[in-house]
Amino acid sequence: MQPNLSPGEDFQLLLERQVREMQSKAAALNEALSTAGATVRTRDGSVTVTLAPNGALTNLELGHRACELGPARLTKAIMEAVRDAQRQTARAVADSFATINGDTESTAMVRSFLPPDPPPDDDFAAPESPEPTPPPPPPPSAPRRRPVADDRTDDESNPW
């Protein structure tokens, strides 16, 4: 394959120019990728996650509301936030690559690895289950029983 040389252009100069262009692109891509991480907070503020440009989880913060969610909903909130941050990070990396390299076959290949958009979500901040119904009161004729006395004698304020 013959290089495209302009009239009077030296092959050595052409190679040097291409090397400088590649070095410039590599530096620009490195700069763009270093800022491609993402921080995502759930809608209710209960979970905040931060991902590095490579998708590694670098920070997880639980807000004051996190404990109110319960284990299942808290897990779901964390996973949704991480997935959203992964999508944002992957898109930022792909966009950086496309900006530097243009709309090429290699850009299309990078974009083919982007995570899919999520299905429509339900509101994980909604109550996990309806409030449990309190037990029915004892029948009116049931006698009240005194609690069993324990062996402790140090609690004199307890009348039972």
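**Briefing: helix ends, the sheet and helix packing**

The model is predicted. Its strands E1, E2 and E3 form an open antiparallel sheet, and helix H3 lies across these three strands. Helix H3 also packs with helix H4.

**Helix lengths and ends**

- Helix H1 covers residues 11-34, and its 24 residues should span 34 Å at 1.5 Å a residue; the end C-alpha atoms are 34 Å apart, so expectation and model agree.
- For H3, 31 residues at 1.5 Å each should span 45 Å, and the end C-alpha atoms agree with this, being 45 Å apart.
- Gly102 follows H3 and has a positive phi, near 80°.

**The three-stranded sheet**

- The strand order is E1-E2-E3, with antiparallel pairing in an open sheet.
- Strand E1 (38-41) and strand E3 (57-62) are the edge strands, each of them pairing on one side only.
- On average, and with direction ignored, neighbouring strands of this sheet are turned by 10° against each other.
- Strand E2 (residues 47-51) runs antiparallel to E3 and is joined to E3 by five bridges.
- Thr48 has Glu61 of E3 as its bridge partner.
- The hairpin formed by E2 and E3 has five residues between the two strands, and Gly55 in the turn has a positive phi of about 95°.

**Helix H3 against the sheet**

- H3 lies across E1, E2 and E3, and runs at about 35° to E2.

**Packing of H3 with H4**

- Two packed helices are described by the angle between their axes and the distance between the axes.
- Helix H3 (residues 71-101) and helix H4 (residues 105-112) pack at an angle of about 180°, and their axes are 10 Å apart.
- H3 is therefore roughly antiparallel to H4, as angles over 145 degrees count as roughly antiparallel.
- On the H3 side, the contact is made by Ala94, Asp95, Phe97, Ala98 and Asn101; on the H4 side, Ser106, Thr107, Val110 and Arg111 take part.
- By class, the residues of this contact between H3 and H4 are four nonpolar, three polar and two charged.

Definitions and conventions: Residues numbered from 1 in each chain as written. Predicted model: local features only at pLDDT ≥ 70, side-chain atom pairs only at ≥ 80, totals over all residues. Heavy atoms only, no water. Axes fitted to C-alpha atoms, helices over the stretch in contact; angles between N-to-C directions. Helix = DSSP H or I, 4+ residues; strand = E, 2+ residues; numbered from the N terminus. Parallel < 35°, antiparallel > 145°, perpendicular 65-115°, else oblique. Contact = heavy atoms within 4.5 Å. Nonpolar A, V, L, I, M, F, W, Y, C, P; charged D, E, K, R; others polar. Pairing = 2+ DSSP bridges. Expected span 1.5 Å × (residues − 1).
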